Amino acid sequence: MKIGITCYPTYGGSGAVATELGIALARRGHEIHFITYQQPFRLPSFLPRIFFHEVDVGRYPLFEYPPYDLALAVRMHEVVLAHKLDLLHVHYAIPHATSAWIAREMLAPTRPDIRVLTTLHGTDITIVGQDPSFHAITKFSIEQSDGLTAVSRFLQRETVRAFGCTGCQIEVIPNFIDPEVYDRTRYKAALRDQFAPADRVLMHISNFRPVKRVRDVVKVFARVREQVPSVLVMVGDGPDRVHAEAEARELGVEDRVFFLGKIETVAPLLSAADLFLLPTQSESFGLSALEALASGVPVVGTNAGGLPEVVRDGETGALCPVGDIDAMASAALDILRDRDRWQAMSALAARDARERFAIDDVVEQYESFYDLALTLRS
Ligand code: GMT
């Protein structure tokens, strides 16, 4: 198949999933065309059967807000025609599903068979899509897609609740990991020594947006640190990093918290961790939690959104109410203090992630989903 993929190419779970899906599909013989404003961050410079088409948004003094959505639609139209694509698969509804709908309308006379498929990832449905400025266009674009997937059952339900979506069939296809990449036995222990050879390593990875509640990460860590010698490694960057740094200073743990900034390859880092913290407000799936589990790192987080579909509470981690610092700290201490329990959780986490979310199995689900969409067109 010839597939156009559009995603947010910078840091973020939806971009990572879309890019890794494209790479896996190309490995299986499909031709993949990424159509976006920048080379996706997880895409190496050259791979067989993978092409990148940059969307250039022309500047003009009149445009205070350059119309990226339109430039994207034009580029999609162009690439479909030039490379005879079978379908456009867009990740994150806003504005990608809308641009794809425009492109499909433009293609109607010449390529009425082109199909538009949308994968819903999270805040496109739970936050941004429900903002009054975007609600109607999000609902319209979703309903116009020829096929829809959501990354969790929670997100599937939430889409129906928030948008009605009469007649929408939303298939749940979860996010995935490459078991060979997220494998703690593959990486050297030296990384761990750099942080704290004798202490336990707690880790958090995110885009530091308010929804991630990064201050809670520091608060939980400060409680843990009172009883177990430990360090906290914070990976990523975003608007709330300054607040997390301030929290660390206020709680007097700033010399034990390492802010590493954005890092592209997180598997070696995860292999140096003992516990992953994700006290998020709302999470449709929690790709970073899955990557931690696959690396044998138990997760302590919240029972929000789709996280319970990824982390098995009491078995591969612990899930607590949002904002309940006491509960999360106590769960973290229970896991860290009992070496046998940690070992059992770590082993089960790695096994469970492989059994339920291995890349090959999930990519096959996407292939069947594509096949169905293309069959229905004829
Ligand atoms: O929805 C977002 O906030 C952005 C998106 C992203 O690009 O990182 O994150 C969502 O998609 C990820 C990949 O499917 C999921 O693992 C995240 O749980 C989800 N984020 C939220 O729901 C907050």
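These legends describe close-up views of one predicted model. Residues are numbered from 1 along each chain as its sequence is written, and side-chain values use heavy atoms, with hydrogens and water left out. In this predicted model, local features need pLDDT of at least 70 and side-chain atom pairs count only at pLDDT 80 or more, while totals for chains, interfaces and linings use all residues.

**View 1. The two domains of the chain.**
Domain 1 covers 2–176 + 358–375, and domain 2 covers 184–357. These bounds come from an automatic or database domain assignment. The C-alpha centres of the two domains lie 30 Å apart. Where they touch, domain 1 gives 22 residues and domain 2 gives 20 residues. Contact here means heavy atoms within 4.5 Å.

**View 2. The area buried between the domains.**
The size of an interface is often given as the accessible area lost when the parts come together. Between domain 1 and domain 2, the buried area is about 1,600 Å². Buried area is the accessible area (1.4 Å probe) that two parts lose on being put together, summed over both. Carbon and sulfur atoms give 56% of the area. On the domain 1 side, Y11, F154 and N175 supply 32% of what that domain buries against domain 2, more than any other three residues.

**View 3. Polar links across the domain boundary.**
Six residue pairs are in polar contact between domain 1 and domain 2, both residues at pLDDT 80 or more. A polar contact is a pair of N or O atoms within 3.5 Å; within protein, one must be able to donate a hydrogen and the other to accept it, and residues adjacent in sequence count only if both atoms are side-chain atoms. The side of domain 1 that touches domain 2 draws at least two residues from each of α1 (13–27), α4 (123–126), α6 (153–163) and α14 (359–377). Helices (H or I, at least four residues) and strands (E, at least two) are DSSP runs, numbered from the N terminus.

**View 4. The salt bridge of R42 and E291.**
One salt bridge is counted between domain 1 and domain 2. The term means a side-chain nitrogen of Lys or Arg within 4 Å of a carboxyl oxygen of Asp or Glu. R42 pairs with E291, with their closest N and O atoms 3.4 Å apart. E291 sits in helix α11 (residues 287–294). R42 sits in the loop between β2 (31–36) and β3 (50–54), and the two residues are 249 residues apart.

A side-chain N or O atom of S14 is 2.5 Å from a ligand oxygen. For R209, a polar side-chain atom lies 2.8 Å from an oxygen atom of the ligand. S284 uses a backbone N or O atom, 2.8 Å from a ligand oxygen.
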